Amino acid sequence: MNEHEIILDYVSELLTRNRLPVHRFTLPCEDAVRFDQGLRQDILHMEGLEDSTNRFLQELRPRKLYSVTDDYLCSYMGLRIPDSDELFLCGPFISERMQGDRLNQFLESLKIPEGLHDSFRDYYLNVAYVAAPLVLTSIFTLLAERLYGADHYEMIETTFQELQQWPRLYDNYFRVEDKPFLSVQLIEARYQTEDELLSAVQKGNEKKALEIIAGQSSHIIPERLSSRLRDQMDYCITLNTLLRKAAELAGVHPIHIDSLSNQNVKTIETLTSTEQCASFQKECVQNYCRLVRRYTLGNYSPLTQKVLTYISTDIDADLSLKSFSELLSVNASYLSTLFKKEVGVPLTEYVNRSRIRHAQGLLLGTDLPTKTIAQQCGIPDIYYFSRLFKRITGTTPKAYRESRESKKYQAALGTTTNTPER
């Protein structure tokens with residue numbers, strides 16, 4: 001693979017990961033008619049599209065970087081690959097939200113028939129939204145410099161001149177009743193994306209889940225209310241509900257899910273902008289993934305799940321084997337054997353480790369006296385607490401708190417989970 005191909009592959013991957021369409025055409029090309037995601041072919045049913053599209057693309061000259069915007073406010077960036085008949089094109093994308101009154105006014109200005117408005121609305125929902133087009137311009141500027149040389153190309157801003165020669169009135173392109181255009185595909189795609197998101201959260205795969213939610217932000221959520229903010233807030237509520245179920249399917253106890261969910265509902269009602277809604281959606285996905293990784297108990301029997309949940313939610317309670325056997329109405333010997341078999345350590349040892357882990361957080365995150373911390377961890381005997389702490393951590397509570405390595409301990413604590421050790 002030559003240097004140009006390496007650069008093009010890198011840029012292509014960068015754009016694709018940000019949900020921006022990327023095309024490479026070798027002209028003439030029959031597939032070029034799909035460059036606009038079906039607007040002219042599927043919605044407007046324009047004739048002669050293949051010839052007109054290829055004629056326009058043939059006009060793109062070497063050593064020129066093109067920034068193109070068409071009549072429908074869809075933008076593209078592209079260039080001709082050096083020493084070839086191949087074109088590299090990114091688009092369509094929009095740099096303003098096309099919905100509500102803005103969309104209606106725009107369609108009226110183009111004299112688009114009322115019968116096509118639903119199809120256009122669906123179309124814009126599926127076009128990538130770029131909030132900062134200058135960033136995309138910078139990416140293509142750098143690409144042109146690498147392909148042509150810094151001072152050996154020209155930036156051209158143009159329109160689809162070849163395509164603008166078609167009539168501006170579309171009376172013959174009304175919606176065909178038995179062909180719902182993009183509506184069905186859009187709904188199916190949205191549900192598929194939601195399924196992928198829930199699957200990622202259920203596995204605690206934070207990286208994948210954040211990639212999916214970032215990709216969703218490049219598309220406009222269907223507008224159901226007159227208030228864009230209220231619409232987004234309602235979507236946040238829906239997202240929270242969906243993620244609750246994903247966490248439950250992962251085996252997280254409802255007490256943990258309910259705590260996070262209630263906190264999210266309170267946060268949603270404080271949001272004051274669509275930007276805050278977008279940030280919340282990412283944080284919501286992130287927090288549910290971490291909740292799953294921390295509390296998932298799906299691999300354990302119902303009895304062991306209950307024991308682990310009690311331990312994680314009430315660390316200073318009586319967590320003895322006798323207490324659990326009485327609480328759960330089960331034979332103590334059977335419970336002890338089952339717990340060690342599934343978790344890998346005896347119940348008492350697991351409880352001790354959980355208490356010391358909780359103490360580590362209090363020692364680094366609060367100024368509470370060690371005696372108070374021991375009590376809050378369910379170990380009222382300070383001397384026993386200190387011996388247990390040193391056995392498990394290798395250091396005393398005082399040394400742990402005063403250690404110059406406390407920041408490293410804090411970082412390690414942040415990645416420590418309450419998921420049983422195996």
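## A walk through the predicted model

The side chains of Glu5 and Arg24 meet in a salt bridge, with 3.0 Å from N to O; the term stands for a side-chain nitrogen of Lys or Arg within 4 Å of a carboxyl oxygen of Asp or Glu. This pair links distant parts of the chain, since Glu5 sits in helix 1 (residues 3–17) and Arg24 in strand 1, 19 residues apart. Helices (H or I, at least four residues) and strands (E, at least two) are DSSP runs, numbered from the N terminus.

Before we go on, a word about the model. It is a predicted one, where local features need pLDDT of at least 70 and side-chain atom pairs count only at pLDDT 80 or more, while totals for chains, interfaces and linings use all residues. Residues are numbered from 1 along each chain as its sequence is written, and side-chain values use heavy atoms, with hydrogens and water left out.

Back to our pair. Glu5 counts as partly exposed because its relative accessibility is 24%, and Arg24 is partly exposed too, at 30%. Here buried means under 20% relative accessible area, exposed over 50%, and partly exposed in between (1.4 Å probe, protein chains only).

Now move on to Arg40 and Asp70, whose side chains also meet in a salt bridge (3.0 Å, N to O). Arg40 belongs to helix 2, whereas Asp70 is in the loop between strand 2 (64–69) and strand 3 (75–80), so that distant parts of the chain, 30 residues apart, are linked.

By the same rule, the count comes to 18 salt bridges.

Let us turn to the surface. There, Glu30, Asp31, Glu50 and Asp51 gather in a patch of negative charge. Patches are made of residues with over 30% relative accessible area and no salt bridge, with like charges joined within 9 Å and nonpolar side chains (Val, Leu, Ile, Met, Phe, Trp, Tyr) within 5 Å. Asp31, one of the patch members, lies in the loop between strand 1 (22–26) and helix 2 (39–43). Asp31 is exposed, because its relative accessible area is 56%.

Our last stops are further along the chain. Ser301 is found in the loop between helix 11 (274–295) and helix 12 (302–313), and it is buried, with a relative accessible area of 17%. Leaving aside neighbours within four places in sequence, Ser301 is in contact (heavy atoms within 4.5 Å) with Leu338 and Glu342.

Leu347 lies in helix 15 (residues 347–365) and counts as buried, because its relative accessibility is 5%. Which residues does Leu347 touch, not counting those up to four places away in sequence? They are Val307, Ile311, Leu321, Phe324 and Phe339. The C-alpha atoms of Leu347 and Ser320 are separated by 8.0 Å, although these residues are 27 residues apart along the chain.

Conventions:
Accessible areas come from the Shrake-Rupley method with a 1.4 Å probe; for residues, only the protein chains shown count as cover. Lys and Arg count as positive and Asp and Glu as negative; His and the chain ends are not counted. The place of a charge is taken as NZ of Lys, CZ of Arg, CG of Asp or CD of Glu.
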